[in-house]
Amino acid sequence: MNTFELLGFGLDAWITILTVLSMFSVLLFTKLRTDLVFLGAIGVLYVTGVLDSKEAFSGFSSTSVVVIGILFIVVAGLTHTGVLQWIVKHLLGQPDSYAKAVVRLMLPVAALSSFLSNTTVVALFVGIVKMWSKKLDISPSKLLIPLSYASGMGGVCTLIGTPPNLIISGLYADHTGQMMNVFATLLPGLFCLAVGVLSVIAMRRLLPNRQAPESAFEATSEYTVELLVPSDNSYIGQTITEAGLDHVRGGQLIEQIHYDDIIVMANGKEPILGGDRLIYAGQIDEILDLKESHGLVSADHHVFSINEIDTRRQLKTAYVTFGSTLIGKTIAKSNFEHANNITLVAVARRGKRISQSPREVVLKAGDTLLLECPPHMNADSLQAASQIHFFDSNEVANIGTGTFISATIMILMVVLSALNVLPLLQCAFIAAAAMLIFRCCSPQQAMKAINGEILMVFAGSVVLGLAIQKTGIAERLAFSILDVCGDNPIVVMTTICLVGTFITEFISNTAAGAMFFPIMFESAEQLGYEPYPFLIALMISVSSSFATPIGSPTHMLVYGPGGYRFSDFMRIGLPMNLIILAANIFIVNIIYPLSHL
């Protein structure tokens, strides 16, 4: 029998604490895949005996995790039949003020996010918002943060809108035997959404006025372009000046690199050799005219003739995603171009010129890339789609009979679940099957939509929550919180929600929900109150991460396209966190008055 105890925690508890802290450190300071980190944490808890085999792998059979997996197929049906595109087309309009634009944007996004994946909705809207902002003469950076905020606030309005709601409601059902209604968070969520929309409008001066990164490629002299001289080029043997390649319209030559990687001064006197790489700084479209006027090409390898280059290739802009394996590397030292049949033409970084070859630039998250791609290239065509995100990668689905069918299936699923005709899991299975039967998506599209990495994180979160409860950490922390906050239930609720809101800025909201569930549940029971309202408040708080771009996947989606800096989110996000927290505690205690057990 193990009698080890330190600071009130036994050996199993300390193993769990160290595992959780190590997991957070790895997630924050390394680029390891999130699913591998969670799987490693599960392995540690199982190997050390903290959890037995049934407990260690209970997350994979958790109802909430299975529901999330099935919902991926339902969302695939909606996406491929054009439901989202139809909604966007008929809802945005042409508002005549910033306040109206925010309302017209945030409300539809919140409504969609209540039933669909937040990242799916935001990914669709990013390109639309950028085009929309040009028509309204508003910087995209003024609308993209509100777009991301709306998806998060809308997601909490239903149990299926965001994973933490499913995880917390599933754990509540496991502990009490009572199922939460799919609309349990609707009224509190709508109130917080209304407060959030008004807060964004009131604090719009805190939103940055950034230049859209890809617009930098349209008319600026602050970016670099690399062009290659084929071996049959007619200008070979002439000097740069004689060929008219030193000071070109819209830019100038800043570096010449011979085929043997010898860098020479860009003084115009150096002869042109086959395989030379010419690095220009200037206006993108003007410099690229050299491809036609002087027979230069964009290529990642030496070519003999310009005829080797596919003339149908198109220029596309993309940004480097957070967690990308390209971060900290140069394109020249990776096989990214060769593996995906694309060529890097230029690199942009928040309007600052990078005075070196684009292929030698050490990339950072949010860097904008100008790529020469094969025809019809999109995100799905990439072998490493998680490394970059195209600004224009969303395919336009055909709107027709399938659109109506998939929307009807989704509505029936929600209604049957809300009226308790069938459990949510059964409704999700039926809806997914219907999407396939009515060909709203193909079996291949359905399987591709199921994100194994996300499911692994969800399953791991459930297991971590179980370990925190089993080892007594939750009970001990609950007593500690009660010692500090006293026996006032609202103070206890606010304190745990505040800590949850802070933690979810740095880790997945799913993990935060699973971690704080046992602490909130235990605290409520120790006070002698029904945990239900406490958990409703927790659902909203762990999805209220507004202050850092790493606080939500949707923030990461808008970070690059908006040209944001890390501090941009903190400036408006910190007050938003506090405002939504106050609104959350206020409305939950009105709609769900506290009651004793």
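Buried means under 20% relative accessible area, exposed means over 50%, and partly exposed lies in between (1.4 Å probe, protein chains only). With that in hand, welcome to a predicted model, in which local features need pLDDT of at least 70, side-chain atom pairs count only at pLDDT 80 or more, and totals for chains, interfaces and linings use all residues. Residues are numbered from 1 along each chain as its sequence is written, and side-chain values use heavy atoms, with hydrogens and water left out.

**Salt bridges**
- The model has two salt bridges, each a side-chain nitrogen of Lys or Arg within 4 Å of a carboxyl oxygen of Asp or Glu.
- Asp568 and Arg571 form one of them, at 3.3 Å from N to O.
- Both of these residues sit in helix 23 (residues 566–591), three residues apart, or about one turn of the helix; helices here are DSSP runs (H or I, at least four residues), numbered from the N terminus.
- Arg571 is partly exposed at 37% relative accessible area, whereas Asp568 is buried at 0%.
- Lys470 and Glu55 also pair through their side chains, at 2.7 Å from N to O.
- This pair ties together distant parts of the chain, 415 residues apart: Lys470 belongs to helix 17 (residues 452–470) and Glu55 to helix 3 (residues 53–56).
- Lys470 is partly exposed, with a relative accessible area of 43%.

**Nonpolar cores**
- A nonpolar core is a set of buried Ala, Val, Leu, Ile, Met, Phe, Trp, Tyr and Cys residues joined through side-chain atoms within 4.5 Å.
- The largest such core holds 139 residues, and Ile160, Leu147 and Met576 are among those with the most contacts inside it.
- Ile160 touches residues including Leu71, Phe115, Met413 and Leu424, leaving aside residues up to four places away in sequence; contact means heavy atoms within 4.5 Å.
- Another core, of 17 residues, lies apart from the largest one and includes Leu227, Ile240, Leu296 and Ala346.

**A buried asparagine**
- Asn165 is part of helix 9 (residues 163–176) and is buried, at 0% relative accessible area.
- Its side chain reaches the backbone oxygen of Thr158 at 2.9 Å.
- Beyond residues up to four places away in sequence, Asn165 touches Gly155, Val156, Thr158, Leu159, Thr185 and Met539.

**An exposed residue**
- Val47 lies in helix 2 (residues 34–47) and is exposed, with a relative accessible area of 70%.

Note on methods: Helices (H or I, at least four residues) and strands (E, at least two) are DSSP runs, numbered from the N terminus. A polar contact is a pair of N or O atoms within 3.5 Å; within protein, one must be able to donate a hydrogen and the other to accept it, and residues adjacent in sequence count only if both atoms are side-chain atoms.
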